[in-house]
Amino acid sequence: MNAPLSKLVMHKASLADLPALALLPGYSLRHFIPGDEAIWEHIIHRSFERSIAFEAKIGGYPYFQEERVQFICSGSEPVATATAWETEETGDEAGYLHMVGALPEYAGQGLGRAATLAALHRMRSERRKSALLETDDFRLSAIKVYWKLGFRPVYLDESHEQRWTHILRLIAVG
(Lines give C-alpha, C1' and ligand atoms only; values in the text may rest on other atoms or scores of the structure.)
Protein backbone atom coordinates (compact mmCIF):
# COMPACT_ATOMS: atom_id res chain seq x y z
CA MET A 1 0.00 0.00 0.00
CA ASN A 2 1.35 3.43 -0.93
CA ALA A 3 1.95 6.00 1.78
CA PRO A 4 -0.35 9.00 1.54
CA LEU A 5 1.10 12.03 -0.21
CA SER A 6 2.30 14.84 2.01
CA LYS A 7 0.26 18.02 2.02
CA LEU A 8 1.27 20.72 -0.41
CA VAL A 9 2.17 24.05 1.15
CA MET A 10 1.83 27.51 -0.37
CA HIS A 11 3.13 30.82 0.97
CA LYS A 12 2.05 34.41 0.33
CA ALA A 13 5.05 36.58 1.17
CA SER A 14 3.11 39.77 1.87
CA LEU A 15 -0.39 40.68 2.96
CA ALA A 16 0.26 44.37 2.22
CA ASP A 17 -0.95 44.07 -1.39
CA LEU A 18 -4.33 42.42 -0.88
CA PRO A 19 -7.06 43.37 -3.35
CA ALA A 20 -10.23 44.80 -1.88
CA LEU A 21 -12.96 42.32 -1.04
CA ALA A 22 -15.81 42.85 -3.50
CA LEU A 23 -18.91 40.69 -3.25
CA LEU A 24 -21.54 40.14 -5.92
CA PRO A 25 -24.97 41.72 -5.25
CA GLY A 26 -26.96 39.63 -2.79
CA TYR A 27 -23.86 38.42 -0.91
CA SER A 28 -22.50 39.66 2.39
CA LEU A 29 -19.67 38.88 4.80
CA ARG A 30 -19.97 38.03 8.45
CA HIS A 31 -17.95 36.17 11.03
CA PHE A 32 -18.85 33.16 13.15
CA ILE A 33 -21.38 33.61 15.92
CA PRO A 34 -22.19 31.03 18.60
CA GLY A 35 -24.57 28.46 17.13
CA ASP A 36 -22.86 28.46 13.70
CA GLU A 37 -21.06 25.17 14.37
CA ALA A 38 -23.55 23.06 12.39
CA ILE A 39 -23.57 25.57 9.51
CA TRP A 40 -19.75 25.45 9.30
CA GLU A 41 -19.80 21.63 9.46
CA HIS A 42 -22.40 21.51 6.66
CA ILE A 43 -20.35 23.76 4.34
CA ILE A 44 -17.15 21.83 5.07
CA HIS A 45 -18.87 18.45 4.67
CA ARG A 46 -20.25 19.44 1.27
CA SER A 47 -16.91 21.00 0.20
CA PHE A 48 -14.59 18.22 1.32
CA GLU A 49 -17.04 15.31 1.04
CA ARG A 50 -16.25 14.20 4.57
CA SER A 51 -17.45 15.07 8.03
CA ILE A 52 -15.25 17.33 10.12
CA ALA A 53 -16.35 18.40 13.59
CA PHE A 54 -16.08 22.13 14.26
CA GLU A 55 -14.93 21.60 17.83
CA ALA A 56 -12.17 19.17 16.79
CA LYS A 57 -10.88 21.32 13.90
CA ILE A 58 -11.50 24.92 15.04
CA GLY A 59 -13.51 25.52 18.20
CA GLY A 60 -11.43 23.47 20.60
CA TYR A 61 -8.16 25.30 19.95
CA PRO A 62 -6.72 28.24 21.87
CA TYR A 63 -6.37 30.08 18.52
CA PHE A 64 -10.13 30.11 18.00
CA GLN A 65 -11.68 33.55 17.85
CA GLU A 66 -15.13 34.10 16.38
CA GLU A 67 -13.84 36.94 14.18
CA ARG A 68 -11.36 34.62 12.47
CA VAL A 69 -14.00 32.31 11.00
CA GLN A 70 -15.41 34.15 7.99
CA PHE A 71 -18.68 33.38 6.20
CA ILE A 72 -19.85 34.59 2.81
CA CYS A 73 -23.66 34.64 2.89
CA SER A 74 -26.25 34.52 0.14
CA GLY A 75 -28.98 36.59 1.70
CA SER A 76 -28.70 35.48 5.31
CA GLU A 77 -27.52 31.93 4.53
CA PRO A 78 -23.79 31.17 4.92
CA VAL A 79 -22.60 29.44 1.74
CA ALA A 80 -18.80 29.72 1.96
CA THR A 81 -16.22 29.91 4.72
CA ALA A 82 -12.52 30.39 5.40
CA THR A 83 -10.60 30.80 8.62
CA ALA A 84 -7.73 33.14 9.49
CA TRP A 85 -5.82 30.74 11.69
CA GLU A 86 -2.50 30.54 13.41
CA THR A 87 -0.29 27.69 14.46
CA GLU A 88 2.77 27.38 16.64
CA GLU A 89 4.76 26.81 13.44
CA THR A 90 3.67 30.08 11.79
CA GLY A 91 4.58 32.24 14.78
CA ASP A 92 3.39 35.82 15.11
CA GLU A 93 4.45 36.99 11.65
CA ALA A 94 2.41 34.63 9.45
CA GLY A 95 -1.24 33.69 9.37
CA TYR A 96 -2.50 30.28 8.31
CA LEU A 97 -5.36 30.04 5.82
CA HIS A 98 -7.51 27.21 7.11
CA MET A 99 -10.61 25.29 6.01
CA VAL A 100 -11.71 27.15 2.89
CA GLY A 101 -14.95 25.75 1.49
CA ALA A 102 -18.10 26.66 -0.39
CA LEU A 103 -21.32 24.84 -1.08
CA PRO A 104 -20.97 23.10 -4.48
CA GLU A 105 -24.18 24.61 -5.86
CA TYR A 106 -22.49 28.03 -5.59
CA ALA A 107 -19.40 26.99 -7.56
CA GLY A 108 -18.09 29.39 -10.16
CA GLN A 109 -19.30 32.53 -8.38
CA GLY A 110 -15.96 33.47 -6.82
CA LEU A 111 -17.03 32.62 -3.29
CA GLY A 112 -13.90 30.61 -2.48
CA ARG A 113 -11.81 33.60 -3.55
CA ALA A 114 -14.01 35.96 -1.53
CA ALA A 115 -13.83 33.79 1.60
CA THR A 116 -10.05 33.47 1.16
CA LEU A 117 -9.69 37.23 0.80
CA ALA A 118 -11.87 37.82 3.87
CA ALA A 119 -9.60 35.55 5.92
CA LEU A 120 -6.45 37.21 4.51
CA HIS A 121 -7.82 40.66 5.36
CA ARG A 122 -8.50 39.40 8.88
CA MET A 123 -4.90 38.19 9.14
CA ARG A 124 -3.64 41.58 8.01
CA SER A 125 -5.86 43.30 10.61
CA GLU A 126 -4.08 41.15 13.20
CA ARG A 127 -0.77 42.53 11.89
CA ARG A 128 0.27 39.32 10.18
CA LYS A 129 2.81 39.97 7.45
CA SER A 130 2.42 36.80 5.35
CA ALA A 131 0.25 33.70 5.05
CA LEU A 132 0.65 29.96 4.62
CA LEU A 133 -1.79 27.26 3.61
CA GLU A 134 -1.86 23.52 3.05
CA THR A 135 -3.73 21.90 0.20
CA ASP A 136 -4.02 18.70 -1.81
CA ASP A 137 -2.95 17.98 -5.40
CA PHE A 138 -6.52 17.49 -6.65
CA ARG A 139 -7.82 20.88 -5.42
CA LEU A 140 -6.92 22.49 -8.74
CA SER A 141 -9.53 25.25 -8.74
CA ALA A 142 -8.54 26.29 -5.21
CA ILE A 143 -4.84 26.23 -6.09
CA LYS A 144 -5.54 28.45 -9.10
CA VAL A 145 -7.32 30.96 -6.83
CA TYR A 146 -4.44 30.89 -4.36
CA TRP A 147 -1.93 31.37 -7.18
CA LYS A 148 -3.83 34.40 -8.51
CA LEU A 149 -3.82 35.87 -4.99
CA GLY A 150 -0.03 35.60 -4.83
CA PHE A 151 0.54 32.30 -3.04
CA ARG A 152 3.52 30.30 -4.31
CA PRO A 153 4.60 26.70 -3.72
CA VAL A 154 6.88 25.74 -0.87
CA TYR A 155 8.98 22.64 -1.56
CA LEU A 156 9.19 20.60 1.63
CA ASP A 157 9.90 17.08 0.43
CA GLU A 158 11.35 15.32 -2.59
CA SER A 159 7.91 14.72 -4.15
CA HIS A 160 6.92 18.38 -4.24
CA GLU A 161 8.90 19.56 -7.27
CA GLN A 162 7.37 16.98 -9.58
CA ARG A 163 3.89 17.39 -8.11
CA TRP A 164 3.99 21.18 -8.38
CA THR A 165 5.31 21.05 -11.94
CA HIS A 166 2.36 18.85 -12.90
CA ILE A 167 -0.21 21.00 -11.05
CA LEU A 168 1.07 24.28 -12.48
CA ARG A 169 0.91 22.82 -15.98
CA LEU A 170 -2.70 21.70 -15.38
CA ILE A 171 -3.85 25.09 -14.13
CA ALA A 172 -1.83 26.87 -16.88
CA VAL A 173 0.31 29.14 -14.70
CA GLY A 174 4.00 29.41 -13.90
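Helices (H or I, at least four residues) and strands (E, at least two) are taken as DSSP runs and are numbered from the N terminus. The structure is a predicted model, in which local features need a pLDDT of at least 70 and side-chain atom pairs count only at pLDDT 80 or more, whereas totals for chains, interfaces and linings use all residues. Residues are numbered from 1 along each chain as its sequence is written, and side-chain values use heavy atoms, with hydrogens and water left out.

Confidence is expressed as pLDDT, the predictor's confidence in each residue on a scale from 0 to 100. The chain has an average pLDDT of 93, and 98% of its residues score at least 70. In the chain, the lowest confidence falls in helix α5 (residues 160-170), with a mean of 94, and the highest in strand β3 (residues 69-74), at 98.

Two residues that are not glycine carry a positive phi. Most residues other than glycine have a negative phi. Glu-49, which has a positive phi of about 55°, is found in the loop between α1 and α2 (54-59). With burial defined by relative accessible area (buried under 20%, exposed over 50%, partly exposed in between; 1.4 Å probe, protein chains only), Glu-49 counts as exposed because its relative accessibility is 72%. Met-99 likewise has a positive phi of about 55° although it is not a glycine, but this residue is found in strand β5 (residues 94-102) and, at 10% relative accessibility, counts as buried.

The loop between α1 and α2 also holds Ile-52, which counts as buried at 12% relative accessibility. When contact is taken as heavy atoms within 4.5 Å, and neighbours within four places in sequence are left aside, Ile-52 is in contact with Trp-40, Glu-41, Ile-44, Lys-57 and Met-99. The C-alpha atoms of Ile-52 and Phe-151, which are 99 residues apart along the chain, are separated by 25 Å.

Glu-37 is found in helix α1 (residues 37-48) and counts as partly exposed, at 31% relative accessibility. The side chain of Glu-37 reaches the backbone nitrogen of Gly-35 at 3.0 Å. Apart from neighbours within four places in sequence, Glu-37 is in contact with Phe-32 and Phe-54. Glu-37 and Ser-47, ten residues apart in sequence, are 15 Å apart in space from C-alpha to C-alpha.

A nonpolar core is a set of buried Ala, Val, Leu, Ile, Met, Phe, Trp, Tyr and Cys residues joined through side-chain atoms within 4.5 Å. The largest such core has 48 residues, of which Met-10, Trp-40, Leu-97, Leu-120 and Phe-151 touch the most other members. Helix α3 (residues 111-125) gives the most to this core, contributing seven residues. Leu-97, with neighbours within four places in sequence left aside, is in contact with Ala-82, Thr-83, Thr-116, Ala-119, Met-123, Leu-132, Leu-133, Tyr-146 and Phe-151.

Gln-70 lies in strand β3 and is buried, with a relative accessible area of 7%. Not counting residues up to four places away in sequence, Gln-70 touches Leu-29, Arg-30, His-31, Ala-80, Thr-81, Ala-82, Ala-118, Ala-119 and Arg-122. Arg-68, placed in the loop between α2 and β3, counts as buried at 3% relative accessibility. The contacts of Arg-68, again leaving aside neighbours within four places in sequence, are with Tyr-63, Ala-82, Thr-83, Ala-84, Glu-86, Arg-122, Glu-126 and Arg-128.

By contrast, Ala-16, in the loop between β1 (8-12) and β2 (27-31), is exposed, with a relative accessible area of 66%. The C-alpha atoms of Ala-16 and Met-123 are separated by 11 Å, although the two residues are 107 residues apart along the chain.

Helix packing was examined for α4 and α5. Two packed helices are described by the angle between their axes and the distance between the axes. With axes taken as lines fitted to C-alpha atoms, for helices over the stretch in contact, and angles running from 0 to 180 degrees between N-to-C directions, the axes of helix α4 (residues 140-148) and α5 come within 10 Å and cross at roughly 85°. Angles under 35 degrees count as roughly parallel, over 145 as roughly antiparallel, 65 to 115 as roughly perpendicular and the rest as oblique, and α4 and α5 are therefore roughly perpendicular to each other. At this pairing, Leu-140, Ile-143 and Trp-147 in α4 meet Trp-164, Ile-167, Leu-168 and Leu-170 in α5.

Notes:
Polar contact = N/O pair within 3.5 Å; in protein donor to acceptor, adjacent residues only side chain to side chain.
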